[in-house]
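Please look over the sequence and the structure shown below before reading on. The briefing that follows takes up one chain, then an interface, then a single residue.

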Amino acid sequence: MLLLLLSTLLAEDSIETAATRILEKNCLQCHGAQSKMGGLILESREAALKGGVGGPALVPGNAAQSLLARKVNEGKMPVGTPLPAADRQLIARWIDQGAPWTNKLAVAERKRAGKDWWSLQPLKPPPNASIDSVLNAALTAKGLRMSAEADRRTLIRRATFDLTGLPPTPEAVAAFVADPASNAYEKLIDELLASPGYGERWGRHWMDVIRFGESHGYEQNHLRPNAWHFRDYIIRSFNDGKPFDRFLQEHLAADVLSADPKEAVGTGFLVAGPHDTVGNAAEAPKRQQRADDLDDMINATASAFLGLTVSCARCHDHKFDPILQADYYRMAAIFGGVIHAERELATPAGLAAHRARTAPLETEIREITEKLAAARETAKPRVESRREAILAQYRAAPESRLTEESWPAAPARFVRLRIQATSTGGATSLEEFEVWSGGRNVALASDGARITATSVRKEDGSTDPYSEKHLIDGRFDQRWIPADSKPVTLTVELPRAIEVTRAAWSRDRAGGFQGRFSGPIPSEYIVEISLDGSAWRQVASSEGRLPVTDAQREELVLMAVFSEREKQTYREAQQRLAAARRALNELPKLTMAYAGKFEQPTEPVYLLKRGNVMDRGDVAAAASLTTLDRVLPAFDVPANEPESKRRLALAQWITDPKNPLTPRVLANRVWHYHFGRGIVGTPSDFGFSGERPSHPELLDHLAARLLAHGWRLKPLHKEIMLSKAYRQSSANNEAAAKADGEARLLWRFPPQRLEAEAIRDTILAVSGTLDRTMGGPGFHLFRYTVDNVATYYPLETFGPETYRRAVYQQAARSVRSEMLGQYDCPDSSLPEPKRVVTTSPLQALALLNNSFLLDQSAFFAGRLEREAGDPVRRAFQLAFSRDPEPAEQTAARNLIARHGLKAFARAILNANELIYVQ
Amino acid sequence: MSSRRTFLGDIAMGLPAIALHQLTAATRAPHFPAKAKRVLQIMCPGACSHIDTFDYKPELEKRHGQPMPGAEKEVSFQGANGNLMRSPWPFVPRGQSGKRITAMLPHLGALADEMAFLHAMTTRTNTHGPGCVMMNTGYVFEGFPSAGAWVSYALGSENDNLPAYVSIPDIRGIPPAGPANWTAGFLPAEHQGVSFNASEPIRNLERPGLISEAEERATLEFLDVLNRGHMARHPGHSDLQARIAAYALAGRMQLSAPEVSDLTRESKATHELYGTADSNPLKAAYAKNCLLARRLLERNVRYVQLYCASRASGVDGLLNWDAHKTLQADYERHCPILDQPTAGLLKDLKSRGMLSDTLVIWTTEFGRMPTHQEGTLGRDHNPDAFTVWMAGAGVKGGTSHGGTDDFGRRAVEDITTVHAFWATVLHLIGLDYNKLSWYHNGIDRRLTDVHGHVIREILA
C-alpha cells in the first residue's frame with residue numbers, strides 16, 4: 001500500500017510541483033523576501049503577480065507575455081546558469097496552464113548574503129571587554145588556555161620584526177633583557193612605533209592591499225618613474241600616525257582636500273594599479289581599456305577599504321552579496337573623471353612662482369609663432385606662383401624605397417655613407433646598402449664584403465635583430481638601426497679594390513608601406529670612397545636634393561621668394577623662437593608624481609549590459625552603494641557638479657563613523673599582520689564567500705577601539721601588542737594542538753616566517769650593509785630596456801645602491817625579482833591582502849648561490865672580523881639574538897678553521913632560525 | 001658526473017618522509033582517469049595568422065584585391081584596413097584527411113592526421129600582452145595562474161628532482177607580458193613555471209665557482225647542525241622540516257637539471273630530426289628547445305610550455321608572428337623556424353610511444369585580418385577568429401572543428417573560446433574544469449573563469 005502510494009507520487013509529480021520546485025531551487029536565492037533583487041519576490045503566486053521593477057513576473061495563461069518565462073527562455077535568468085531546455089519548456093507550459101501555485105516557497109538553505117549579513121550590521125562591541133577577555137572566553141569553552149609569557153629575547157625579536165621588519169640589534173636585546181623597569185616592554189613598543197622602520201614595514205603591507213606597483217603592466221609595461229612619491233607618502237603617513245580616515249580620504253580626493261603636495265599625492269592610490277598604454281584604433285577595445293581602468297579603481301577601493309568584492313557585479317548583480325550591478329556602475333561613475341597620468345605637485349606659492357617664470361617665455365613663443373605665420377602669409381602669393389619653378393631646380397628627394405647616388409667610375413676598396421641628418425630627426429634605419437660596379441652589387445657579405453657601423457644592441461639572446469650585418473646580406477627583410485640618432489657613418493670594405501660608380505640604399509624596398517613611409521630616412525649625407533681606408537674622397541652628397549618632408553620643402557620655397565631682408569628677419573625670428581623654447585625647457589620643472597589627473601567627464605558612464613562595452617544601458621549616476629543603505633545615509637552627486645565632489649562624497653561615506661565595514665576591515669588587517677592570520681581569514685572579503693570571523697566580538701571590540709583612537713593605528717598596535725595573547729610563548733602544546741592545530745583560538749602565539757622583503761632586509765642588516773636612506777627614487781633589481789615594450793633582465797651582480805630596504809625597490813608589475821619572488825612577494829598585478837607562504841627548492845638555490853647572498857656573506861664575514869669579541873658569538877647575536885650553544889660553537893669553529901668566516905656567514909644567512917619568528 | 005652536487009641531497013637523510021612529501025607536491029590523483037599524463041604547450045606569440053597557416057580560404061584567393069563585403073575600411077587595432085589579401089603561399093592537401101595546410105609548413109603538414117584543429121577560436125582582446133596572458137591564464141588581466149600552474153597544483157609532480165612545470169622561452173626573448181604567462185598568480189609560488197631553455201640554464205642552480213666542493217659540504221653540514229638544533233627546540237612546527245627538505249630537493253635538482261639539459265646524450269639522427277644544427281641560428285635554437293622539451297616530458301615533467309618567437313619589438317613582425325607590414329617576408333622568416341623542429345618533436349614523441357600519454361597543444365594569442373592593413377602588405381589583429389590545434393593523448397587526429405566565414409574574418413560555426421579550449425585540455429588530463437578552483441579575493445577562481453565547456457567533437 002505504502003509502496004503503491006509512493007510510486008504514484010513519483011510518477012504523478014504535478015506540473016505545479018515540478019514548476020514551483022524549479023523556481024524554489026533556481027530563483028529564490030536572489031528573489032526571496034530577503035534579497036528581492038530587482039524588487040521581485042518569487043515566494044508566492046501573489047508576489048510573482050505583483051512583480052518587481054520590471055513589472056509583473058507572471059501573466060497566468062500566457063507564457064509568451066510573462067516576464068518570468070521570457071527571461072528564463074532567453075537564458076538571462078538565472079544569471080550565469082541558464083536552465084536546461086526541459087525546465088524552460090516546463091515553466092512555459094505551467095504558465096500557459098494558468099500557473100497553479102498553492103504553497104509558499106522558501107529558500108531551503110542560505111546560499112547568499114542579504115543586507116542582514118553580519119559584516120553589514122552596525123558595530124556591537126561587547127561592553128567592558130578586552131582583547132584577552134574575549135579570547136580567553138573562547139579558549140575556556142574549548143578547555144584550552146593561553147600559554148605563558150614568552151621570554152624577553154623572544155619578545156623583543158618578535159616585536160621588532162613585527163613593527164619594523166628588521167631584527168633587533170644585540171645591544172637592544174641586551175638592554176631590554178636587563179631592563180628592570182616594570183614597563184620595559186611597553187617602552188620597547190613605544191620606541192619601535194616611533195622608529196622610521198615602522199612606516200617602511202607597515203607601509204609595505206598597505207602597498208600589497210592596494211596593488212601598488214611602479215610600472216604600467218600589460219604588454220608594454222614601461223616603468224613609472226614618478227610613482228615613488230606615493231610610496232613615500234604612504235610610509236610618511238604611517239610614521240606620522242596619520243588618522244586612517246583622513247588617509248583614506250586623501251587616497252580618493254587629496255587633490256581637493258589639501259594644497260600641500262605631501263598630501264595631495266595621496267590620489268596616487270587611484271592610479272596605483274595597471275594601465276594599458278597600448279593604443280587601440282578600434283572602438284570596442286578602446287572602450288574596454290577605459291572600462292578596465294575603472295574596474296581596477298573600483299576593485300581596489302572596494303576591496304581595500306570595504307572588504308567588498310564589488311567587481312563581481314560588473315556583469316550582473318553579485319551572486320553572493322547584496323551588491324547590484326547598478327551599484328558597480330554607480331562607483332564607476334564616481335571615478336569617471338580620473339585619468340591615468342602624472343600630475344604636477346606644488347604648493348600654491350610654488351605653482352605661482354613657476355607660472356611667473358614660464359609665462360613670459362610662453363608669451364614670447366606665441367608672439368614669435370604668430371609673426372612667422374604672418375610673414376608666411378605675406379609671401380603666400382609669391383610662393384604660390386613660383387613654387388613649381390623653384391622646386392624644379394632640385395634633384396628628387398631621397399626616398400624610402402630607394403635612394404641612389406652615381407659618380408664617374410673610380411677605383412675603391414672602401415665606400416662609406418656619412419649620414420648627417422635624417423628627414424624627421426630620429427635615428428634612421430636601413431635594410432640594405434649597395435655599391436655597384438658595372439651591373440653588379442659588390443657590397444655583399446656573401447662575396448666577402450665587410451660592414452662597420454654602430455648599431456643598437458637589443459638584448460634578445462644572441463639574435464641581435466638590428467645588426468649592421470643586415471646592410472649587406474642581400475635581403476630586404478631585416479634592418480640596421482644605428483645606436484642613436486646622432487650623425488652616423490656606415491663603411492663597407494669590399495673584398496678588393498674595384499671600379500665603382502653607384503651606391504644605393506633603402507628602407508622599404510619591398511614596398512610594404514606602399515610609398516607612404518613617414519619615418520626617418522637619411523636626408524643629409526655624403527658618400528665617400530677610399531682605397532686604403534684613410535684617405536677619403538667625396539663622390540656624392542645630398543647637395544641639390546629636395547628635402548623629404550612637405551614642411552621642409554615649403555620652407556625652401558619661402559626662402560627663395562623672400563627678399564634678403566625678409567629672409568634675415570625670418571631667420572632671426574626662428575632663432576629667437578628656438579632660444580625661447582630651449583629656455584622654457586631648461587627652467588626647473590615642477591615635481592611630477594604618478595598621482596592621476598582629473599577631468600570633468602565629457603561623456604557619462606553607462607551601465608554595461610553583461611559588462612559588454614558595446615551594449616550600453618542607462619546612464620549611471622555617481623552614488624553610494626545600496627549595500628549599506630540600511631545603516632548609512634546614501635549620497636548621489638548630480639552629473640553637473642565638479643567630478644571631485646563625487647570622489648569626496650565617496651570618501652566621506654567610506655569613512656563615516658556609521659560605516660561598519662571600514663573600521664572592521666582595517667582592524668582585521670592590523671590583527672592579520674600581527675598574528676599572521678586575520679580574525680576574518682579573508683581580509684579583503686567580508687562577504688558571503690569570505691570566511692566568517694573566528695571572534696566576532698573581538699573584531700567589533702578592535703574596530704570600536706580604532707574609532708575611539710580617532711582612526712589612529714599606533715595606539716591600536718600598542719593595545720594588541722600589550723595583550724597577553726600577543727605576549728604569550730609560541731611553544732607547542734600537543735594537547736592544545738590536537739584541539740586546535742592552527743591555533744586559531746590563540747592558545748599560543750603562531751610562529752611565522754618573515755616575508756620576502758623582511759628576509760632580504762634582515763640579511764642586509766645582519767651583514768652590516770643595510771643602507772637606511774629613506775625615500776626618493778627606488779633602486780632596481782633588474783636591468784631595464786625598452787624596444788617598444790619594456791624588458792627586465794634580472795641583475796647578475798648587486799651594487800651598494802641595492803642595499804636599501806626592499807620597500808624602496810622600484811617594483812615593476814609581473815616582474816618578480818628572483819629572491820623576493822621565490823619568497824612569495826606579490827607582483828602587484830592584483831591586490832594581495834594575504835600572502836601565501838611557500839617553501840621550495842628554488843628558494844634554497846637563490847639563497848645559497850645567488851651573488852647577492854655571496855656578497856652579503858663576505859660582508860658579514862668582514863664585519864665579524866672587524867668587530868671585537870668572539871666572531872661566532874657575535875654572529876649568533878646579530879642573526880639570532882642569542883648566544884651559541886656549545887655544540888654549535890664547536891661546529892662553527894671547525895667550519896671557520898677549515899673554510900673561513902665566509903662559509904660560516906653563508907650558513908648563518910641560510911639558517912631557518914634567521915627567518916622564522918617565534 | 002661527479003657526486004659533488006649531492007651534498008645538499010644528503011641533508012634529507014633522517015627527515016620524516018612526510019616533510020619531503022609536503023614539498024614535492026607529490027602526485028595527486030586526477031578527478032577521473034585520463035589518457036594524458038602530461039601536457040606540452042607550444043605557443044607562437046605575436047598572433048599567428050590562421051588564414052596563412054591552417055585555415056584554408058579559397059574565397060580569399062578568388063576575391064584578392066576586392067573590398068571585403070560589408071566591411072570596407074574596417075578599423076581594427078592599428079587602424080583602417082584595405083582590400084582582401086590572399087595568402088602568399090598555396091594550401092596543399094596533406095595526409096589521409098587531405099587537410100589543406102600552407103605550403104610554408106611542409107613538415108607539420110605531413111602530420112595533419114595527428115592533429116585536431118579548432119578553427120573557430122575567439123578571444124577577448126586584440127592586444128598582444130592581454131591576448132597572450134588570456135591564452136595562458138584565461139584572463140586578460142595579469143596576476144592569474146597560468147594553465148601549467150593549475151595543472152601543477154592539481155596533479156603535482158611525478159618527478160621529485162625536477163619542477164612540475166617548465167617554461168621554455170625562445171632565444172629571441174620572453175613573450176608579450178613576460179613572466180605573467182607562466183606565473184602561479186595567487187596559487188602558491190611552487191607552482192610557477194620554472195623558466196629556462198637550451199641556452200640558459202636554471203638561475204642559481206650551480207654552486208658558485210669560488211666555493212670548493214669541500215667548503216660546500218662543510219657549509220651545508222654546519223647549516224644542518226643549526227637547522228636540526230633549531231627544529232629540536234621548536235617541535236610541532238612542520239615548516240621547519242619542510243625548509244630543510246627544500247634544501248635537500250635543491251641538491252637533487254642540481255643533479256637532475258644539468259642532466260636533462262645535456263643534449264649531447266641524444267643521437268645524431270635525433271638531432272637531425274629536429275634540425276638542431278641548422279644554419280639558421282634561430283631555427284637551431286628553437287630545435288634545441290624542442291629537444292629539451294622532449295627530455296623534460298620523458299622525465300615526467302607535468303607541463304612544458306615551449307615558445308616559438310618572443311615579445312614585440314620596435315619592428316612589427318620581426319621577433320614574432322605579428323606581421324603588420326610585410327607578411328610574406330615575416331612568415332618566410334618564422335615558418336621555417338617553427339616547422340621542422342616542431343614536427344620533429346611530434347614524430348619523436350610518437351616513435352617513443354609518448355604521444356599516447358602526452359597531450360600536445362599549439363596556441364597563439366589571436367588571428368589576423370583577411371584584409372591587408374591600409375598602406376601596408378601585412379595583416380592587423382583579429383580577435384574574432386583564429387586556429388589552434390591539439391594532438392596526442394585522447395585527441396581525435398585528422399579532425400577539424402568549427403569554421404570561419406568565407407574570408408576567415410569571424411568564427412561562425414561551432415565557435416570555441418579560450419575557456420572551452422582549457423576546459424577540454426583539463427578534461428583530457430582527467431580534471432573537471434568546474435572543480436579545479438582556488439579561493440582568491442572573494443571568488444573561487446578557475447582557469448576557465450565561469451565559462452567553458454568540453455569540446456567533445458575532437459576527443460578520441
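Helices (H or I, at least four residues) and strands (E, at least two) are DSSP runs, numbered from the N terminus. On that basis, chain A has 32 helices and 19 strands. This is a predicted model, in which local features need pLDDT of at least 70 and side-chain atom pairs count only at pLDDT 80 or more, while totals for chains, interfaces and linings use all residues. Residues are numbered from 1 along each chain as its sequence is written, and chains are lettered from A and ligands numbered from 1 in the order in which they are written.

**Chain A**
- The C-alpha trace of chain A spans about 115 × 95 × 65 Å along its principal axes.
- Of the 918 residues in chain A, 47% are buried, where buried means that 20 or more other C-beta atoms, placed from the backbone, lie within 10 Å of a residue's own.

**Where chains A and B touch**
- The contact, in which two residues count if their C-beta atoms, placed from the backbone, lie within 7 Å, takes 83 residues from chain A and 80 residues from chain B.
- Among the elements of chain B that give two or more residues to this side are strand S2 (75-76) and helix H5 (128-137), and H7(B) gives the most, with 10 residues.

**Lys99(B)**
- Lys99(B) belongs to strand S5 (residues 99-102) of chain B, and it counts as buried because it has 20 C-beta neighbours inside 10 Å.
- Leaving aside neighbours within four places in sequence, Lys99(B) is in contact with Pro93(B), Arg94(B), Ala112(B) and Ser400(B).

Technical notes. A residue is buried if 20 or more other C-beta atoms lie within 10 Å of its own, exposed if 12 or fewer, and partly exposed in between; C-beta atoms are placed from the backbone.
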